[in-house]
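Please read them with the model open.

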There are 2 protein chains.
Amino acid sequence: MSRFNVKLIASILGLLLVISGFGMLMSLPFTLYYREDWMPITSSAAITIFTGLPLWFFLKKSAPRELKKRDGYLVVTLGWIVMSLFGTLPYLLSGSIPNFTDAFFETISGFTTTGASILNDIESLPKGILLWRSLTQWIGGMGIIVLAVAILPILGIGGMQLFVAEAPGISAEKLKPRIKDTAKRLWLIYVGLTFLETILLVLGDMSFFDAINHSLTTMATGGFSTKNNSIAFYDSAYIHYIITLFMFLAGTSFTLTYFILKRKFKKVIGNEEFVIYLVFILLATVLITGFVHSLTDFSFERNFRDTLFSVVSIITTTGYVTEDFTAWSPLITMVFFALLFIGGMAGSTAGGIKVVRHIVLFKNSFLEMKRQLHPNAIIPVRLNSRAIQGELTYHVLAFMIIYFLVFAIGSIIMAGVGLDFTTALSVVATSLGNVGPGMGNVSPVNNFSAIPDVGKWILSFLMLLGRLELFTVLILFTPFFWKRE
Amino acid sequence: MSRFNVKLIASILGLLLVISGFGMLMSLPFTLYYREDWMPITSSAAITIFTGLPLWFFLKKSAPRELKKRDGYLVVTLGWIVMSLFGTLPYLLSGSIPNFTDAFFETISGFTTTGASILNDIESLPKGILLWRSLTQWIGGMGIIVLAVAILPILGIGGMQLFVAEAPGISAEKLKPRIKDTAKRLWLIYVGLTFLETILLVLGDMSFFDAINHSLTTMATGGFSTKNNSIAFYDSAYIHYIITLFMFLAGTSFTLTYFILKRKFKKVIGNEEFVIYLVFILLATVLITGFVHSLTDFSFERNFRDTLFSVVSIITTTGYVTEDFTAWSPLITMVFFALLFIGGMAGSTAGGIKVVRHIVLFKNSFLEMKRQLHPNAIIPVRLNSRAIQGELTYHVLAFMIIYFLVFAIGSIIMAGVGLDFTTALSVVATSLGNVGPGMGNVSPVNNFSAIPDVGKWILSFLMLLGRLELFTVLILFTPFFWKRE
């Protein structure tokens, strides 16, 4: 193991635990306000912080400061796992989720911002625990932002170089010193939008507690709700539209939002991914609304709102629900199944494949036929009017193939666990895409509690795989990763 | 249109019609023997031949002999369509399939060697018509062999250069003069194996008529049967194993079979695709047999035989049935759904993605992680111990992406036509992969008759797309194909 920078890895994991622990403490005010038992949260926080602190504090100074690429893959994957392990403590100690498998599933579903839940009666949980549940998603979202803008480009994953080329303050020559600044700026937007949404929801007569919870999980494109019926609980067009708007923003590249705040609108309109992301949502909404309206007795506005909400919820991989979209018609169910594979914009908190990859894949497929007619011509894919390196296109293609490979193997395993055809396929698609709801027995009005334990562990792994862009995790399973150079 | 070699294209289409017409006449002996109405077959043949003959005969000499690449794409796609159009005549004129949509579906399902059928009572059809039905597949299979070894490599499709690099008599410098020889050799094997299977089936007490029909459709990996219950009609282990063997051979590269006949066994064992194809069948059979045996009361031999038969039938894209594999368990159904995406070896009559592409994709996915660790190293995929050109790997990746894109769009459309989730997905997978049976309402004990007309047309298009390796057909829908140079 000595070829890894073990001390530095341990110290980073320690830091992550300290952050987690303080996150748990953020639940305490609510626990006290609602006069709930404060022991579970406090002791969970104590255990987490006092495990993390020595690791972080003592090693911080002694370890060599350079993190190598291999260390990077390891620390990212382990980070998510370790946080998810300690994150189960509030559930276990409070008895809210007594079963460890369930608690781990719920926690990693949080930290990966998936939002799949095993809870049958969410509303029966103590408020403090519910806030922690929402916080796992919010912390996960924060992690994703720093991952997307700072860590993955260095690890060379997902062609992210491409997607963050425009990140504020990042330029190839002086990458490292400015990464901190960039992350801070984007975090500020993240925090700011969370506050803004909370205020707007409170103005719509949502209770402060629910408003803050929903804001935390909206901005993370997580989708955990404090209500059993998710957002369908609220019979308010205002609340539905506000949440739709913030889901949309959370699925938008935070770099782009930064440009909007800086009033550099040209960069926004010139961003192909954003335009397609927008067009895609509008197109799907218009088409589906038409069908839905022919099937229900609700007003046109209501159908439009439910459709827009569902489309945005699924494309951004949030997973909130106002209406069971699998109950409308087979066509609409299939469309939503396909939407599970879209994902929001790169550089947002959305999971899944991401719009920019689809653009590259689609363009490349089209151009491949041109290449066939002119085999000697070099015909690169263009994005935002610039030619993309062939290597990067190649990488996106490879990502997609692995995504489908994992999807296929996952589906077979989940069928082996006993799930029916529809449920098996959609449970894997929704976990890998970090969405939340699916079709069949995990439709928006169901949850994941009935899935056998072994299935929950596999889905937990798939959520992690999807969230960390496959490669980060899968590379740990290759022999050459562990080989001494 | 003048930029295309219209005369030469017309003359080739004419030739194909003449071949089709004489194919129809091959049914005549059976029609007469069974004392059936000989008018439908004779007049179909007459119409087809006398449409084709003038096109072929008069243009043959006058047209410039050079076929350009663009002409190639056009002639291949049009060839399959024109043959399928005229191929409906025996069904229509005999009244066996009075509806044109159904007749076209059945015919193109034949010529593409898919084997999906709209017939509810196959056994009620005149023998002559049934033989024509089987012949459409056999002729289609013949077309595929010449396509794979001679035409597609020139059109640069599917990285077929790679797969046929070992074709007997084909070398890069003198490709054209030897193509005819190669095609003839492989056809000889095709015809020879068809005869051999017929004899072996007759020895197993299958009637001569059924034996010849099943042999025609086995070698084409087509799967049309003369019995309503497909091969399940025969309660004979001998027949089941013989057909399994010939399905396996039909899914094996004919080039490889040529080497076997030449006793160059080293080339066979050294062929990675063949080894994986074999291992894949054995592995799937062993695993599934275990499950099946725990579910049924049949003998182990019976379960093994049914499983082996089903696995070979689906992997080779034949589609014969001895047992409804969707009735065993959700896991097995899902495995068979995945098998719809495998396809046999390249250079065989099997449709689908093909084993060699899966090998390239899988290896590339694995190596992609190595490339991530060593971004400056050039790490090519190796096949049969030789490095593959990066371009070719790229091409295989692009093929796969387009395959999934077509699969996704097709599934949405078929759901729009009203099919349920499972049926919609599997009907598209089985059509695009030229397999035949699927899951849900197109399970092995069902057929395609209940699918709405518009759905049948879309599936016909998908069968053609899949059979012609996507690009040949899709390129016709691009603007640059029609642009004057």
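What rotation, and what shift along its axis, superposes chain B on chain A?

1. **Symmetry.** A rotation of 180° with 0.0 Å of shift along its axis places chain B on chain A, at an RMSD of 0.0 Å. This is therefore the relation of a two-fold axis. The same surface serves both copies, as 100% of the contact residues of chain B recur in chain A. The superposition is by least squares on the C-alpha atoms of residues with pLDDT of at least 70 in both copies.

2. **Ground rules.** The model is predicted: local features need pLDDT of at least 70, side-chain atom pairs count only at pLDDT 80 or more, and totals for chains, interfaces and linings use all residues. Residues are numbered from 1 along each chain as its sequence is written, chains are lettered from A and ligands numbered from 1 in the order in which they are written, and side-chain values use heavy atoms, with hydrogens and water left out.

3. **Interface size.** Chain B and chain A bury about 4800 Å² between them, and 79% of it is on carbon and sulfur atoms. Buried area here is the accessible area (1.4 Å probe) that two parts lose on being put together, summed over both. In contact terms (heavy atoms within 4.5 Å), 54 residues of chain B meet 55 residues of chain A.

4. A salt bridge needs a side-chain nitrogen of Lys or Arg within 4 Å of a carboxyl oxygen of Asp or Glu. Eight residue pairs are in polar contact between chain B and chain A, both residues at pLDDT 80 or more. A polar contact is a pair of N or O atoms within 3.5 Å; within protein, one must be able to donate a hydrogen and the other to accept it, and residues adjacent in sequence count only if both atoms are side-chain atoms.

5. **Interface elements.** On the side of chain B that touches chain A, α4 (69-86), α16 (330-339), α17 (355-373), α18, α19, α21 (471-474) and α22 (479-482) of chain B each supply at least two residues. Helix α18(B) gives the most to that side, with 15 residues. By class, the side has 35 nonpolar, 13 polar and six charged residues. Nonpolar covers Ala, Val, Leu, Ile, Met, Phe, Trp, Tyr, Cys and Pro; charged covers Asp, Glu, Lys and Arg; the others, Gly among them, are polar. Helices (H or I, at least four residues) are DSSP runs, numbered from the N terminus.

6. **Helix α16 of chain A.** This helix (residues 330-339) is mostly covered, with eight of its 10 residues buried. Buried means under 20% relative accessible area (1.4 Å probe, protein chains only). Among the buried residues are A:Met334, A:Phe336 and A:Phe337. The buried residues of α16(A) pack against α14 (272-295), α15 (300-315), α18 (390-416) and α19 (421-432) of chain A, together with α18 (390-416) and α19 (421-432) of chain B.

7. **Salt bridges.** The whole structure holds 20 salt bridges over all chains. One of them joins the side chains of A:Asp210 and A:Lys227 (3.3 Å, N to O). A:Asp210 lies in helix α10 (residues 208-219) of chain A and A:Lys227 in the loop between α10 and α11 (237-250), so the pair ties together parts 17 residues apart in sequence. Both A:Asp210 and A:Lys227 are buried. In chain B, B:Lys227 forms a salt bridge with B:Asp210, the closest N and O atoms being 3.3 Å apart. Elsewhere, A:Arg302, A:Asp306 and A:Glu323 are linked in a network of salt bridges.

8. **Helix α7 of chain B.** B:Arg133 and B:Glu106 meet through their side chains in a salt bridge (2.7 Å, N to O). The pair links distant parts of the chain: B:Arg133 in α7 (residues 127-155) and B:Glu106 in α6 (residues 100-111), 27 residues apart. Both B:Arg133 and B:Glu106 are buried. The backbone oxygen of B:Arg133 also lies 2.5 Å from a polar atom of the B:Thr136 side chain. B:Thr136 is buried, at a relative accessible area of 0%. Not counting residues up to four places away in sequence, B:Thr136 touches B:Thr107, B:Gly110, B:Phe111 and B:Phe224.

9. **B:Ile145.** This residue lies in helix α7 of chain B. B:Ile145 counts as buried at 1% relative accessibility. Leaving aside neighbours within four places in sequence, B:Ile145 is in contact with B:Leu186, B:Trp187, B:Tyr190, B:Phe254 and B:Thr349.

Technical notes: Buried means under 20% relative accessible area, exposed over 50%, partly exposed in between (1.4 Å probe, protein chains only).
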